[in-house]
Amino acid sequence: MSSTKVFTLEEVAKHNTKDDCWLIIGGKVYISSLLLLLPHRPPVMADPQIPAQDLDFASRNQVYDVTKFLEDHPGGDDVLLSSTAKDVTDDFEDVGHSTTARAMMDEYFLGDIDSSTIPARTKYVPPKQPHYNQDKTPEFIIKILQFLVPLAILGLAVAVRIYTKSESS
Ligand code: HEM
């Protein structure tokens, strides 16, 4: 049995101040033979509670107590304080934290989060756009005509002028 503590989102959310700041950051946990290999992090032993069918890929969110790190965080304490009470894995990854940063995390590790307490992400559905006409042909024809019609009128005028001149002479 794993001795890692498991917290609910509600429990973690209570720790959201400068004097007591917990974060939920996860990662893709790849399992190779009996080891869980978290990218850029030292391998940890496979959790026997993870069902066998999930053994080639599993996702595990973890809870970190970063209270002591707030002042030293190179990205500032504000960003950490506004990262409480939610899964900030994507934000953490978007910053592109270095391997050094990832190695530091072990120092602040508290336990796992019960992922069933984290609300499922809502998938972004783009609003329906009015049908966009990909066919540019009519626009193109109008542009050509705008150029050709005055040219044709000019040509006609020149032709009439030449004709009337030759008639009179
Ligand atoms: C235990 C958790 C965390 C640790 C140990 C940590 C550590 C670090 C370290 C060492 C850096 C310096 C750059 C690097 O080496 O990558 C850094 C930068 C930064 N971190 Fe974190 N961080 C943590 C969580 C977070 C979270 C949750 C956010 C929020 C999204 C965040 C946002 C930033 C930002 C914005 C920078 C500045 C990046 C830059 O200036 O290029 N960090 N962090």
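Among contacts in the chain between residues at least 6 apart in sequence, 78% join residues at least 24 apart. The model behind this figure is predicted. The chain contains five helices and seven strands. Along the sequence, these elements follow the pattern β-α-β-β-β-β-β-α-α-α-β-α. Of the 169 residues, 12% count as buried.

Confidence was examined next. The model scores ipTM 0.98 and pTM 0.66. The mean pLDDT of the chain is 79, and 75% of the residues score at least 70. Among the elements of the chain, α2 has the highest mean pLDDT, at 96. Strand β5, residues 44-45, has the lowest, at 42. Over residues 28-48 the pLDDT is below 50. This stretch still has 31 contacts in the model beyond near neighbours in sequence. Residues 52-59 also have a pLDDT below 50. Beyond near neighbours in sequence, residues 52-59 have ten contacts. Where pLDDT is low, the predicted coordinates should not be read in detail.

Helix α5 covers residues 137-168. At 1.5 Å a residue, its 32 residues should span 46 Å. The end C-alpha atoms of α5 are 46 Å apart, which agrees with that expectation. None of the 32 residues of α5 is buried, so the helix lies largely in the open. The unreviewed UniProt entry lists residues 21-38 and 140-163 under "transmembrane region". Over residues 140-163 the chain is 100% helix and 0% strand. The end C-alpha atoms of residues 140-163 are 34 Å apart.

The ligand is surrounded by 21 residues. The closest are P74, G75, D91, S98 and A101. Four elements each supply at least two residues of the shell: β3 (20-32), α2 (77-81), α3 (89-95) and α4 (99-104). By class, the shell has 14 nonpolar, six polar and one charged residues.

One of the closest residues to the ligand, G75, sits in the loop between β6 (57-65) and α2. G75 counts as exposed because it has 12 C-beta neighbours inside 10 Å, and a residue with 12 or fewer is placed in that class. G75 and V95 are 20 residues apart along the chain. Their C-alpha atoms are separated by 9.4 Å.

The loop between α2 and α3 holds D87. D87 is buried, because 20 other C-beta atoms lie within 10 Å, and 20 or more is the cut-off for that class. Which residues does D87 touch, not counting those up to four places away in sequence? The contacts are I24, G26, N61 and I118. D87 and L9 are 78 residues apart in sequence. In space, they are 8.9 Å apart, C-alpha to C-alpha.

A85 is also found in the loop between α2 and α3. A85 counts as partly exposed, because it has 16 C-beta neighbours inside 10 Å. Its backbone deserves a separate note. Most residues other than glycine have a negative phi. In A85, phi is near 60 degrees, a positive value in a residue other than glycine.

Definitions and conventions: Residues are numbered from 1 along each chain as its sequence is written. This is a predicted model: local features need pLDDT of at least 70, side-chain atom pairs count only at pLDDT 80 or more; totals for chains, interfaces and linings use all residues. UniProt positions are given in the numbering used here, feature names are shortened, and annotations may be inferred rather than shown by experiment. A residue is near a molecule or strand if its C-beta atom, placed from the backbone, lies within 6 Å of it. Ala, Val, Leu, Ile, Met, Phe, Trp, Tyr, Cys and Pro count as nonpolar, Asp, Glu, Lys and Arg as charged, and the others, Gly among them, as polar. The expected span of a helix is 1.5 Å times one less than its number of residues. Two residues are in contact if their C-beta atoms, placed from the backbone, lie within 7 Å. pLDDT is the predictor's confidence in each residue, from 0 to 100.
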